[in-house]
Structure formats: structure tokens, C-alpha cells
Amino acid sequence: MCCDLKRRFLLLYATQKGQAKAIAEEIWQQAGAHGLEADMHCISEMDKYNLETEKDPVVIVISTTGTGDPPDTARKFVKKIQDTTLPPDHFAHLQYGLLGLGDSEYTFFCNGGKTVDRRLQELGAQHFYDTGLADDCVGLELVVDPWIDGLWLALKEAFKLQKERESMSSIVDGVSSSLSAAPQIVHELNLSSEVQNLKLEDKELGSSDVLTQKLVDINLVASTGDTEPSLVRSVPPLSQSSLNIPALPPEYIEVQFQDTHGENPHLSSLISEATTFEVPVTKAVQLTSKDAIKTALLLELDIADTDFDYQPGDAFCVICPNNVNEVQELLQILGLSEKGECFICVKVKQGTKKKGATHPQHIPERSTLKFILTWCLEIRAIPKKAFLRALVECTSEVGEKRRLQELCSRQGASDYTRFIRESNVGLLDLLHAFPSCKPSLNLLIEHLPKLQARSYSVSSSNLYQPGKLRFVFSIVEFPACPTRPVSQKGVCTGWLAELVAPLLHPNKNTPDTEGGSPSIEKIPIFARPNNTFHLPADPSVPFVMVGPGTGISPFIGFLQHRQKLREEHTDWEFGETWLFFGCRHQDRDYLFKQLRCFLENGTLTHLKVCFSRDSSTAEVAPPKYVQDVIRLYAKEVARVLLTERGYFYVCGDKKHMADGVSDAVVDIISMEMEVDKLEAMKILAVLREAKRYLQDVWT
């Protein structure tokens, strides 16, 4: 910059799982090299900044959680700016640029960022830089990297404009009213998830002047026989390229080993968002046959002695540990097998260069090493490029070092996507692939994200079964692959399946249960209420449910609740109910054959099922998928949804089912209302906005 003093800008981030914070930290780190000072805060720290009086440019990095909600850390901020009494010029003085993070697999892509962006515009704020929307489905870096590259020139122009305005205001008193009419200098940059080849360069900055980029020129040419790239090997031109790699993230954590005396903290101390309960598992049922492709389990929890409350349609979270064998393997690779039970003290390193370094909330100040690796860190997390950059410094073999540099470099972006991101490579996979890499413990604590609790839909009704909570899940399986020689089960589903094995197979004696009944295991849970995915408040309103596979889960709770209401209120009017269910094989994974009972007692009006893998001898083959069945009942669906103003619920897989159902509904609206497809899509959007077309989906 042309100024001797560093120009300040406000940098806010709103994060759910740490990605937005990591990107904000990257912006903060690069700012100094561009002669700028980023005043960085979490958006929830509203006592540390004030947008009402902010004069400098503001940069916001915000993620999206759930099916389109702002992250938990942004809820108070969003509530504040959505105050309807605020005047339309409330933020007329504000210049900002916003980077939204999301996943296009979900309907409301980047809705957290879009919500904030739209509201700031409504309140008079102006863009100094166009909004970027990064898509985690294809790789955040495809938009994030060029967006950050272009940010510096945009900030420079914003400061230039700001200086011109300040000069004018010192000459002409009261000229501030003309500021909003000043010419827009910064060109709009159409950054979206589709813009993959966008390159923004600040031509005034050479690579030798940018501290966040380091020129690496190691000519390690692949041998003639190695024609295919892999996780551990590159091929020309990448293997012969000079590399621009990120700056080395400053270390900020210090770990001190202590003795083996003491107690680990309670798991509830790791959760800040809700009250946790340790509840016993009282029942476990395998819903699928032994030869089914996926194994689905139903678990029943006893919540009678707790304050845990829920409605049908709500979700709740299970606090789960990492796999014990993987933890032991990691300790062994780190050379810390003998110190797993030792207590360690985790502190912020004195004199660290990391901006605003604080003790990670998910890491206890004192606990055993094994406790941290088991309950606190997501050791299977896909490593971010900043982590790879840090691992370079821990790697001694020159070829391995070069390959890690490539994977975190700008030039190696496609290799990172292919061999790290799309292959779901985790820390253990990396350490096996690069055996000379020996990271320190503090590095793992700094770069591995928090082990997230896993969310599940409730599959019961507290009215129907007081004191009980049921849920259904399929055991997730990750097959062996070139980077992982053995298969893996999901972190939580694998743990739950192992935990309840004695309940599933009570006749198989284990050392703990030999000669007696199985011991009752407890699992830690906390509530995560769903504000919209509930039964209609008016029981006379009809509704349609679509839930293939384990997507049926919340609808069992719906039907149980509805059955109990019908028994208790015989004078009430109840609307008709439709359920569309599908699975692969009728005799293997028809999860709830007792659905017929709801049909027989009148709780369920219509039940339509399909089986995608069963063969048929009929002249006309039956439909295979729920979206196909829905089309067969186009007039009935249109009547419920459009004429009778009913509700439409979808639960299950987003990509392979929910999108197909959405397309089917659009076609039904188009056909029954005799409008074109675009108009039908607008009508569906209105139904979504009115919370009458509701989804609870996952990828």
C-alpha cells in the first residue's frame, strides 16, 4: 500500500465447524504482507466491534449449517440485524465484502451468508467487493482462493475512495450526503461455485514481496514408469513446476506432560450449545436381514429420569468417541504409546504470532492424552491445506516433503481435490503414506477440528411412549481403497453398533456378560430441536410424507403421535395422511412392516411402497423409486398440497432421492396447474418459504 501506516479493516467470521474461522485466519495472515491490518473477531463477540459506528471496510466470512441456517455463532447477530424497526439507512455508512460457505447438495445453498448479505443491503450497506459463494461439494478453495486474491485490490480501491471522501468532507461541510452517490470504482466479480477457472491477480504485488507465498523449485522428476499420479506421487507438469505454497501457520499451542494422577473432565464440559444427558440404551433391534446391503438398527433410550424433551420431527446429537484402535495406532505412530494415560496441560504458547490465539474451547486444560485423542479431536477429518503446509516442516524425506508441498500449493489444487478431498484421506492415511512425517502433538491440537457430535432424527413420540426416545440409523461402511487397505465403519454408527452388540446377540456370551444379562450401556446425548420439521399445528390439515430407507425415521414418530391424539381426542377432525416409502428389497430392508397397523387403525390413510432391486414378472414393471410412485398419484398430491393447503415432508438422502422428489413435485405442479416448469419452480419456492414443503436431508 502507498501508506506508511497499515490501514485497518474489520474482519468478522461466523463458523460452525471451524472452516470460516480458518479462512478468516488466512485472510488475517495475508493482510500484513499487503500493508493492511485485519481487526479479526468472531461475529458473536459483539462487544468488541460496532457496525453502527464502523468507518473502515468490513470483511465477513460466514458458513451455513443445517439445511440453510446461519451458524450458531451468528444467531444473535442475525437476530439483531433482522429487527424490523431498523431504518433502511441504518448501515448506509458501511462498506463490506462477504464470503459465504455452503454445500450445493442442500437446497438453501450458502443461505447463512445470503441472509446476512441481503439484510445488510436492505439496511443501506454497500459492497466494496462482490459476494463470493464457495461450495464445499466441489471444493471451497475453487472460490475461496481467487476471492482472497482479489480482496486486496478491492480493499486498496475502497481505501482510496474512503480517502477521497474524507478529503472532500474536510473541504465542504455536510457533503456526507453525497457519499452514497460516489462512482462505484470496484468492478463486480461474479464469484460462484460454477466459476472454477477464475484468476484474480494484484499486478502490483510480485511473488517475492508476498510473505504468504513461497517460491519452491525442487526438480524431482517422476521416473519413466510412474505415469499415473497418486497420493504420494505426482507427474509432469506438476512434478517439475515451481510452487506457490501457503505461509507456514504460526504455532500457538504448548503441551506439557504431567503425571498419571487425576480425573478426566466430564463429557458435558465439551458441549457448550446444550445440556447433555447420559442415558441408558434399553433396546436394540436389527431392522434389516443379514443379507441386506446395509445394516439398519433401531435403538431405544430411557430418558424418564432426565429433563430431556422432544417433539416428533426433532433431532438430537450423540457425543461419540473415535475408534479405539485408530487412537492406539495414532499414539504408536507418534511414539507416544506409553504416554496415553499421562495427563497433559494445554496452554497458549507465550509470544505466539497467531492473531488472537486462544485456548481451543473443545480441548480441556488438563486431561489425559488418550482422552483428547478419543473425545476431542476429529482424527478422521480431511486435512486442510494449512495443515498439510505445517506437516511439510515435520517431514524429513525430500520426496515426501515435495509431494506435501505440491498438495497444499496453488498448482496442486486438482491433486488435492482428487487424492485428499475426494478420497476422504485422514491423518492416519497421511502418516502411513508419508512415513517420515512426524508431527508434534501440539500441531495436531492446532489443526485437527473438534470431534463433532452426530445428529439423528427422533423416531418416536413422547406422547405415545413416555420416557422413551427411539432412533434409527444405518451402519456406515467405508470400503478399502488404495490409500486405506482396510475397510472402516462410521465413527458414531460403528461405535453404537459395537456398544449394543450384547443387546442384539444376547445369547453370545462375552467376558462382561457371561452367566448373566447384558450390562446396560449409556450414551451421552443432547437435544437439537428442529424449528420447522413438525406436524401441522392444525390436525385437520392433510400432509404427505416421503421417507425411503432410514428416512422413514421421523415419520414413525409422526404416526405414533397422530395415533395417540386420535385416541385421546375422538371429537377432533384429522386430515388425511400419505406415506411414500421405498427400499431395495421387500424381504431384506423393509424397515417397518408394522406400518400396516397404522393403515388399519386409520392413522395412516394411504401407504405407497416400492422396492428398487426386486425383480418383477408383471407385464408393466412397478416403479422403483419413491419419486416415480409420487408421479402416479399426481392429482392426489396436487390436491393435498395446492387445493387443501397441506404439508409435504421429505426425509432421507439429498442427492439420490430428495432432488428427484423435488423434480417430481415441480412436474406435478406444472401439469396440474397448467403452467410452465419455471412457474412451477417458483410455486414450489413459495411453498418452501411458507414452510409447507419441508426437508430433513443428508448427503
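Buried here means under 20% relative accessible area, exposed over 50%, and partly exposed in between, with a 1.4 Å probe and protein chains only. The model is predicted: local features need pLDDT of at least 70, side-chain atom pairs count only at pLDDT 80 or more, and totals for chains, interfaces and linings use all residues. Residues are numbered from 1 along each chain as its sequence is written, and side-chain values use heavy atoms, without hydrogens and water.

**Stop 1: helix H3.** Select residues 111-122, helix H3. Helices (H or I, at least four residues) and strands (E, at least two) are DSSP runs, numbered from the N terminus. Now colour the buried residues of H3: Gly 112, Gly 113, Thr 115, Val 116, Asp 117, Arg 119 and Leu 120. They pack against strand S3 (58-62), helix H2 (75-81), strand S4 (95-102) and strand S5 (126-127). Gly 124 follows H3, and its phi is positive, near 95°.

**Stop 2: aromatic pairs.** Rings of Phe, Tyr and Trp (its six-membered ring) pair if their centres lie within 6.5 Å; planes under 30 degrees apart are stacked, over 60 edge-to-face, the rest tilted. The count comes to 26 aromatic pairs. Select Tyr 129 and Trp 147, a tilted pair with 4.9 Å between centres and 40° between planes. Tyr 129 sits in the loop between S5 and strand S6 (132-135), and Trp 147 in helix H4 (residues 141-171). Both Tyr 129 and Trp 147 are buried.

Trp 572 is partly exposed at 38%; Phe 574 is buried at 18%.

Technical notes:
Expected span 1.5 Å × (residues − 1). Contact = heavy atoms within 4.5 Å.
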